[in-house]
Every structure is written in C-alpha cells, then in structure tokens.
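Work through the exercises below with the sequence and the coordinates open. Try each task before reading its solution.

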Amino acid sequence: MRLITFTRPERRNAMDLAMYRAYYDALADAEASAEVRAVVVTGAGRTFCAGADPALLDALREPETQRELVDGLGYPPHFPLTLKTPIIAAVNGSAAGLGLVHALHADVRFLADHAVLCTAFSRLGLIAETGSAWLLSHLVGAANALDMLLSARKVGAAEAVRMGLAQHVAPAGEVVGMAVDYARQLATACSPTSMAVMKRQVWASLRQTAAEAAEESVALMLESFHRPDFAEAVRAVRERRAPSFAPLRPPDWTTDAKG
C-alpha cells in the first residue's frame, strides 16, 4: 500500500502544473512497483485539494500556459482511470474544481464528516474539465451531475454519500486511517489481477449492453479459472491461511501511459 499526499497546506493544497505532474508521476511510480497493490490519496492539513492554484488560473489566460497544460502534463488527463492498481481517496477536507476531479478519479472515496465538495467551474467561467461531466454523470446520474455542475454549490459529506458520490464517511481525524486500513485489506487479501480485471469490467460496462457484459464476464471467468491466483486461493481456503497472490506485471510507460 502507498500513501500519496498533496502537500501545500499553506495554499490549501491548490495545484500548480508542477504539482499536477508530480502527482501523476507518483501514481505511475506506484503502478510500476510490484510491492504496491493499493494507493491512498489525501491532502495535508484540513484540505484535500482546493483545485487549481489562483496563480495558475491567472496564467492560463496566456496561450503558452494553455499549451503547457494540454501538452506538457506527460500523461493523458484521465490517467488515474487507466491504472490497474486501486486508488482510494481519503478526502480529509474540502475538494473543489480540479481537487474534486482527483477525488472522482479514485475507485473508492472516504470523506471526512466535515468535508465539502464543489465543482466550482461555472463560477470561474469554465467548463467541466478533465472528463468530470462524464465521471459525475456515471457516478451520480445526469440530474445530480447537472445540479452540481450548473450551480457549483457545496455538497456536504452526508449528501455525497446519499447520492453515491462517496462510499464512506468518518470523523476528520480517522478518515485517512480508515482509508489506509481499507487499502491494506485490498493489498493483502485480494488478487491484484482480479482487481485490475474488475476495474476494466466496470468502466467497459458503461458502453456495453447487459448481454455484452454478461458474455464478456463468462470469457473472463473462464480465463480466471486457469490463473495461478485461483489455484492459490483454493489452497489457502483448504489450508486455512491467507492467500499469497503474485504481483501484476509492471507496465511499460513508454506505450501504456505517457504521450
């Protein structure tokens, strides 16, 4: 398990381009490590991420900075969604704009009970960036997505759970620990290959019919019967011990992620 922390508490963890690239570099490094089977992302202090740094927003009026944002990141903007390793967001405080997008890119979200989420884009004269309209509409439905995007209103933790935007709420001082414990369970008890395939199944299902998804699942299940992880799980049950699953093959970033 690896913990990645946004660490600019004096700026409420607001992101400049260097921090944006550093975050994706950290995710790529975690994905490439055979020792890392789950990632937890959180923020230093009382804020998860306040979005883009105001200085970056000001600079984005210039064409050169616009080009750097589009072409200089080094990864596709939806990079976290391409990873096989589960990402758990421990949203320890407010998450707005780009900060909310980073939380949406996670597979599971833990929210501090005082956390506030906000899209912010409409109040900045911007649009739903980095695929967030697609993410929100699939996570909470078109009506809830439009409500959040059009109004840019603040959504508290309890409402976020009710609409399906988050899965767990915890006291502020416990949210990171709970997310880490959850990630450790994934890392120690669950097959990395199984989790990677199921992540792919979930996202692929958004463009499949029920029949297509069921047919694909049959083929994938037959494949899984022949994998070492299934044999190891059966032995572990028989021997009444925890399973020892093999790591995933590290990715080749020259072809899999960058560019």
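**Exercise 1. A charged network**

Is Glu 232 buried or exposed, and what is its relative accessible area? Then find its salt-bridge partner.

Solution. Note at the outset that this is a predicted model.
- Step 1: The relative accessible area of Glu 232 is 8%. The cut-off for buried is under 20%, so Glu 232 is buried.
- Step 2: Glu 232 forms a salt bridge with Arg 241, and their closest N and O atoms are 2.7 Å apart.
- Step 3: Arg 241 has a relative accessible area of 33%, so Arg 241 is partly exposed.
- Step 4: Follow the shared partners. Salt bridges join Glu 232, Arg 235, Glu 239 and Arg 241 into one network.

**Exercise 2. Two further salt bridges**

Which residue forms a salt bridge with Arg 8, and which with Arg 153?

Solution. 
- Step 1: Arg 8 pairs with Asp 53, with 3.2 Å between the closest N and O atoms.
- Step 2: Arg 8 sits in the loop between E1 and helix H1 (17–32), while Asp 53 sits in the loop between strand E3 (47–49) and helix H2 (54–59). The pair therefore ties together parts that are 45 residues apart in sequence.
- Step 3: Check burial. Both Arg 8 and Asp 53 are buried.
- Step 4: Turn to Arg 153. Its partner is Asp 147, and the closest N and O atoms are 2.8 Å apart.
- Step 5: Arg 153 has 25% relative accessibility and so counts as partly exposed. Asp 147, at 30%, also counts as partly exposed.

**Exercise 3. The surroundings of Phe 6**

Where is Phe 6 placed, and which residues does Phe 6 touch, not counting residues up to four places away in sequence?

Solution. 
- Step 1: Phe 6 belongs to strand E1 (residues 2–6).
- Step 2: Its relative accessibility is 3%, so Phe 6 counts as buried.
- Step 3: List the contacts beyond four places in sequence. They include Asn 13, Met 15, Val 41, Phe 48 and His 102. Met 19 and Tyr 23 are also among them.
- Step 4: Look up those last two in H1. Met 19 and Tyr 23 are buried there, and the buried residues of H1 also include Leu 17, Tyr 20 and Leu 27.
- Step 5: Phe 6 and Cys 49 are 43 residues apart along the chain, yet 7.2 Å separates their C-alpha atoms.

**Exercise 4. Helix span and strand order**

What distance does H1 reach from its first C-alpha to its last, and what is the order of the open sheet of 4 strands?

Solution. 
- Step 1: H1 has 16 residues and reaches 23 Å, close to the expected 22 Å.
- Step 2: The sheet order is E3-E5-E7-E8, and the pairing is mixed.
- Step 3: E3 and strand E8 (155–156) each have a single partner strand, so one side of each lacks a neighbour in the sheet.
- Step 4: E3 pairs with strand E5 (residues 94–96) in the parallel sense, over 2 bridges. Thr 47 stands opposite Ser 94 in E5.

**Exercise 5. A nonpolar patch**

Which helix gives the most to the nonpolar patch?

Solution. 
- Step 1: Val 218, Met 221, Leu 222, Phe 225, Phe 230 and Val 234 make up the surface patch, with about 540 Å² of accessible area together.
- Step 2: Helix H10 (210–225) and helix H11 (228–239) each supply at least two of its residues.
- Step 3: H10 gives the most, with 4 residues. Val 218 is found in H10.

Key:
Residues numbered from 1 in each chain as written. Predicted model: local features only at pLDDT ≥ 70, side-chain atom pairs only at ≥ 80, totals over all residues. Heavy atoms only, no water. Buried < 20%, exposed > 50% of the residue type's maximum accessible area, 1.4 Å probe, protein only. Contact = heavy atoms within 4.5 Å. Salt bridge = Lys/Arg side-chain N within 4 Å of Asp/Glu carboxyl O. Expected span 1.5 Å × (residues − 1). Pairing = 2+ DSSP bridges. Patch = residues over 30% accessible without salt bridge, like charges linked within 9 Å, V, L, I, M, F, W, Y side chains within 5 Å. Areas by Shrake-Rupley, 256 points an atom, 1.4 Å probe, with all protein chains shown as cover.
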